[in-house]
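The sequence and the model come first, and my entries follow.

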Amino acid sequence: MKAGVISLVALVIFFGRSAFADELVAFASPNGTKLQVNSQKLVQDAPHIYPGVLDTPNAELRMIVSIGTQRIYLINGNQVAFDTPISSAVVGFRTPRGAFAIKDKVRTGKISNIYKCPMPFWMRMGQTEFGMHEGLLPGYPASHGCIRMPRESAQFIFDHVNVGTTVEVVNSWSPKRILVPQQ
């Protein structure tokens, strides 16, 4: 390991920052391909698929949820494979921060204890009562703590991740656009 990497790791450990969320992440394409959302009218920027990134061999999928930007980023290796708008907890409630593993996945049949409505494409975050699922996105935080996504995004993520996939929820994160050398 090079000295610069060791120093960075030491700083991360010392300051308690997450190396996972702060790493440089490359976009395969600066714009990606928009995922068509027909289930609701979006106020936020549409979801994007970055072609070819999901097919990267031997890479590990993980997610970063940025509460500040109200987006989820699905990362494959060191590249953004997919990003989508979300709606997290409204003022007075809290979406938990930290690193979680997807504990359960329920495609259909999960019902909200609070709203008594269906929550398709439910993905539980660790041992918490919170998860990621289809839900209304009014353009601002509006849930009681779960992470809502448009139906198309929830299904896309549900179909691409497994139980055990890491989800890191942070206050603020944005992928850095770096040049990826051509092979």
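How many aromatic pairs does the structure hold? I find that this predicted model holds 3 aromatic pairs, and I write down two of them below.

Entry on Phe82 and Phe156. I looked up the geometry of this pair and noted that Phe82 and Phe156 are stacked, with 4.3 Å from centre to centre and 25 degrees between the planes. I then checked where the two residues lie: Phe82 belongs to strand β6 (residues 79-85) and Phe156 to helix α3 (residues 151-160), so the pair ties together parts that are 74 residues apart in sequence.

Entry on Phe121 and Phe158. This aromatic pair is edge-to-face, and I recorded 5.7 Å from centre to centre with 65 degrees between the planes. Phe121 lies in the loop between β7 (98-106) and β8 (122-125), while Phe158 lies in helix α3, so here the pair ties together parts that are 37 residues apart in sequence. I also asked why Phe121 counts as buried: its relative accessibility is 4%, and buried means under 20%. Phe158, at 6% relative accessibility, counts as buried because of that cut-off too.

Entry on lysines over rings. Which residue lies over the face of Phe158? I found Lys105 there, at 4.4 Å from the ring centre. I noted as well that Lys110 lies over the face of Trp122, at 4.8 Å from the ring centre.

Notes. Residues are numbered from 1 along each chain as its sequence is written. This is a predicted model: local features need pLDDT of at least 70, side-chain atom pairs count only at pLDDT 80 or more; totals for chains, interfaces and linings use all residues. Side-chain values use heavy atoms; hydrogens and water are left out. Rings of Phe, Tyr and Trp (its six-membered ring) pair if their centres lie within 6.5 Å; planes under 30 degrees apart count as stacked, over 60 as edge-to-face and the rest as tilted. Helices (H or I, at least four residues) and strands (E, at least two) are DSSP runs, numbered from the N terminus. Buried means under 20% relative accessible area, exposed over 50%, partly exposed in between (1.4 Å probe, protein chains only). A charge sits over a ring if NZ of Lys or CZ of Arg is within 6 Å of the ring centre and within 35 degrees of the ring normal.
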